[in-house]
Amino acid sequence: MLERGIPFLMTTYGIRRGFYVVDPTQIDKEMYWYAATLDGMEKLSKHVTLAELKEMQVNVPLMITGTGAINDEGIRFGKGHGYFDLEWAMLYTMGIIDIEQTKCVAIVHDVQLLRGIKLKPEIFDTVCDFIVTNSTIISVPNAVKPNCGIIWDMLAPGMLEEIEPLNELSKMNTTIKIN
């Protein structure tokens with residue numbers, strides 16, 4: 001995306017230090033290799049709050065994630081931290097993503113794709129529209145996206161204090177957007 005000149009939104013590890021807008025037009029091409037790392041992204045990109053993203057009228061058309069494993073219906077499962085679902089919930093609450101328009105892609109290795117395993121997603125699980133492995137691409141028709149926003153009483157202890165944008169959102173008097 002850097003080499004194609006496409007700006008994108010990234011989060012820090014565990015979302016703890018929030019979101020960054022990575023804009024290739026603001027980064028020396030000789031530094032793209034560094035900007036593509038977590039450390040480089042934080043040093044060479046612009047930190048933004050949820051309020052700033054809303055003010056900038058950012059619209060995220062595509063979200064990409066990894067996962068511990070995924071079934072062929074786009075339902076992810078793994079370590080149980082739920083960071084991707086939390087990112088979805090925060091961006092959804094702020095109107096930065098759209099249930100119908102924003103597509104989700106999981107990138108995994110073939111061994112992480114569990115075919116024929118039936119799972120039922122929780123209300124907050126973000127089901128992926130596409131699964132990309134080292135040998136195939138699977139399209140998931142009618143992938144269901146959550147519209148519940150943050151379920152505050154389900155957060156793990158310490159998350160509110162440790163995750164900068166989550167703390168920001170909790171201080172806003174924001175009503176949850178329901179489609």
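## How the two domains meet

Five residue pairs are in polar contact between domain 1 and domain 2, counting pairs with both residues at pLDDT 80 or more. Keep in mind that this is a predicted model. Domain 1 covers 2-48 and domain 2 covers 62-171, and their C-alpha centres sit 21 Å apart.

**Polar and charged links**
- Arginine 16 forms a salt bridge with glutamate 162, and the closest N and O atoms are 2.7 Å apart.
- Sorted by class, the side of domain 1 that touches domain 2 is made up of three nonpolar, four polar and two charged residues.

**Contacts and buried area**
- Nine residues of domain 1 are in contact with nine residues of domain 2.
- Put together, domain 1 and domain 2 bury about 810 Å² between them, with 63% of it on carbon and sulfur atoms.
- On the domain 1 side, Ile15, Arg16 and Phe19 lose the most area to domain 2, and together they make up 66% of what that side buries.

**Aromatic rings**
- Searching the whole structure turns up one aromatic pair.
- That pair is tryptophan 33 with tyrosine 34, and it's tilted, at 5.4 Å centre to centre with 50° between the planes.
- Tryptophan 33 counts as exposed because its relative accessible area is 58%, past the over 50% cut-off.

Technical notes
Residues numbered from 1 in each chain as written. Predicted model: local features only at pLDDT ≥ 70, side-chain atom pairs only at ≥ 80, totals over all residues. Heavy atoms only, no water. Domains from an automatic or database assignment. Contact = heavy atoms within 4.5 Å. Buried area = accessible area lost by both parts, 1.4 Å probe. Salt bridge = Lys/Arg side-chain N within 4 Å of Asp/Glu carboxyl O. Polar contact = N/O pair within 3.5 Å; in protein donor to acceptor, adjacent residues only side chain to side chain. Nonpolar A, V, L, I, M, F, W, Y, C, P; charged D, E, K, R; others polar. Phe/Tyr/Trp six-rings, centres within 6.5 Å; stacked < 30°, edge-to-face > 60°. Buried < 20%, exposed > 50% of the residue type's maximum accessible area, 1.4 Å probe, protein only.
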